[in-house]
Amino acid sequence: MNAIDKLTEKHIEKFGIEPNMIGLLWNDLDKQIDLLIKAIADDEPYDEYQMLSKESQEVFDKGGLVF
């Protein structure tokens, strides 16, 4: 089991949901791991969608933003 899998399990245990990974950090797994650890420690669910600007969220929702 890799670090992402272990952190996903911890996230599910703590929040009851999987972290929302939309592929935003597909090319920077170290940053994703750090942010997952921070989310769990800060008691705040991990959500890459919320990392997007409102404009980018609208484009993503319409399928126009792919990572």
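A nonpolar core is a set of buried Ala, Val, Leu, Ile, Met, Phe, Trp, Tyr and Cys residues joined through side-chain atoms within 4.5 Å. Buried means under 20% relative accessible area, exposed means over 50%, and partly exposed lies in between (1.4 Å probe, protein chains only).

Before you click, note that this is a predicted model, where local features need pLDDT of at least 70, side-chain atom pairs count only at pLDDT 80 or more, and totals for chains, interfaces and linings use all residues. Residues are numbered from 1 along each chain as its sequence is written, and side-chain values use heavy atoms, with hydrogens and water left out.

**Stop 1: the whole chain**

Show the chain as a cartoon. Helices here are DSSP runs (H or I, at least four residues), strands are runs of E (at least two), and both are numbered from the N terminus. The C-alpha trace spans about 30 × 20 × 15 Å along its principal axes. Of the 67 residues, 25% count as buried.

**Stop 2: the core**

Now select Ile4, Leu7, Leu25, Ile33, Leu36, Ala39, Ile40 and Tyr46, the eight residues of the largest nonpolar core.

Which residues does Ile33 contact, leaving aside its neighbours within four places in sequence? They are Ala3, Ile4 and Leu7. Contact means heavy atoms within 4.5 Å.

**Stop 3: Ala39**

Stay in helix H2 and select Ala39. Is Ala39 buried or exposed? Ala39 is buried, with a relative accessible area of 9%. Its contacts, again leaving aside neighbours within four places in sequence, are Phe15, Glu44, Pro45 and Tyr46. Next, draw a C-alpha to C-alpha distance from Ala39 to Asp61: the two are 22 residues apart in sequence and 24 Å apart in space.

**Stop 4: the largest pocket**

Rolling a probe the size of a water molecule over the atoms shows where empty space is left. On a 1 Å grid over the protein atoms alone, a pocket is an open set of points where a 1.4 Å probe fits, with protein on both sides within 12 Å along at least five of seven lines; lining residues have an atom within 4 Å of a point.

Select Leu35, Lys38, Ala39, Asp42, Glu44, Pro45, Tyr46, Asp47, Gln50 and Met51 to see the lining of the largest pocket. The volume of this pocket is about 200 Å³, counted as the space filled by probe spheres set on the points, which are joined across faces, edges and corners.

**Stop 5: Asp43**

Move to the loop between H2 and helix H3 (54-61) and select Asp43. Most residues other than glycine have a negative phi. Asp43 has a positive phi of about 60° although it is not a glycine. Asp43 is also exposed, with a relative accessible area of 52%.

**Stop 6**

Go back to the loop between H1 and H2 and select Gly23. Gly23 is partly exposed, at 25% relative accessible area. Not counting residues up to four places away in sequence, Gly23 touches Glu48 and Phe67. Gly23 and Tyr49 are 26 residues apart in sequence and 9.4 Å apart in space, C-alpha to C-alpha.

Finish by showing Tyr49, Phe60 and Phe67, a cluster linked by ring pairs. Rings of Phe, Tyr and Trp (its six-membered ring) pair if their centres lie within 6.5 Å. By this rule there are two aromatic pairs.

Methods
Rings of Phe, Tyr and Trp (its six-membered ring) pair if their centres lie within 6.5 Å; planes under 30 degrees apart count as stacked, over 60 as edge-to-face and the rest as tilted.
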